[in-house]
Amino acid sequence: MTGYFYALLATSVCGTVCIMLCGGGFEKYIKYIAALISVSVMILPLRHINKSDFAIDSHLQSAFEQNMLEKTAEEIAAEKTESYISQEVLAKFGINPTAVSISIDWEREDPTVTSITVYIPKNSEKATKIQGYLTTLLGGEVKVIEN
């Protein structure tokens, strides 16, 4: 931080000197030199920045890359969809599904959901309402199974 203070001070002094010297025909040359000095003085404190402070730990980076490689786009899409369905059922009916299974056909040009199975706790007595709601919301084949 003190480096920036000194850079600002040096720039101010340099500017003052340049203004005092700008009386003759050398104004544009003096302005050019003053600009170069000002830029170099402003950049000078940046040489003390340690690059390792901004580097990602190699173990963390390799673990992150490995995790990203393990999950395919299909798996990520299925997880997001299952999470969305669970949140919708919980928000609408107050029942937290124990599991959600989704089948997606990736062979078509546009991926298509072929079936959705939602597992809810027994004694909920709302399986048909949940199934109707999800069929209306998502379309396709929806099964709600009490387990």
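**Reading contacts, a core and a helix**

Biologist: Let's start with Ser115: leaving aside its neighbours within four places in sequence, which residues is Ser115 in contact with?

Modeller: Ser115 touches Ser101, Ile102, Ser103 and Glu141, once neighbours within four places in sequence are set aside. Keep in mind that this is a predicted model. Ser115 itself is found in strand 2.

Biologist: And is Ser115 buried or exposed?

Modeller: The cut-off for buried is under 20% relative accessible area. Ser115 comes in at 18% relative accessibility, so it counts as buried.

Biologist: What about helix 2, where are its buried residues?

Modeller: Here's the general idea: an α-helix has 3.6 residues a turn, so residues three or four places apart point the same way. In helix 2, the buried ones are Ile30, Ala34, Ser38 and Val41. They sit on the same side of helix 2 because they cover an arc of only 70° around the axis. Over on the other side of helix 2, Lys28 and Tyr32 are exposed.

Biologist: How far does helix 2 reach from its first C-alpha to its last?

Modeller: Helix 2 runs over residues 27–43, 17 residues in total, and it reaches 24 Å, close to the 24 Å expected at 1.5 Å a residue.

Biologist: Now the largest nonpolar core: how many residues does it have?

Modeller: That core has 15 residues, and those with the most contacts inside it include Ile85, Val118 and Leu134. Among the elements giving two or more residues to this core are helix 4 (73–93), strand 2 (112–120) and helix 5 (127–138). Helix 4 supplies the largest share, four residues.

Biologist: And what does Leu134 touch?

Modeller: Neighbours within four places in sequence aside, Leu134 is in contact with Ile85, Val89, Val118, Gly139 and Val142.

Key:
Residues numbered from 1 in each chain as written. Predicted model: local features only at pLDDT ≥ 70, side-chain atom pairs only at ≥ 80, totals over all residues. Heavy atoms only, no water. Core = buried A, V, L, I, M, F, W, Y, C linked by side-chain atoms within 4.5 Å. Buried < 20%, exposed > 50% of the residue type's maximum accessible area, 1.4 Å probe, protein only. Contact = heavy atoms within 4.5 Å. Expected span 1.5 Å × (residues − 1). Arc of directions from axis to C-beta.
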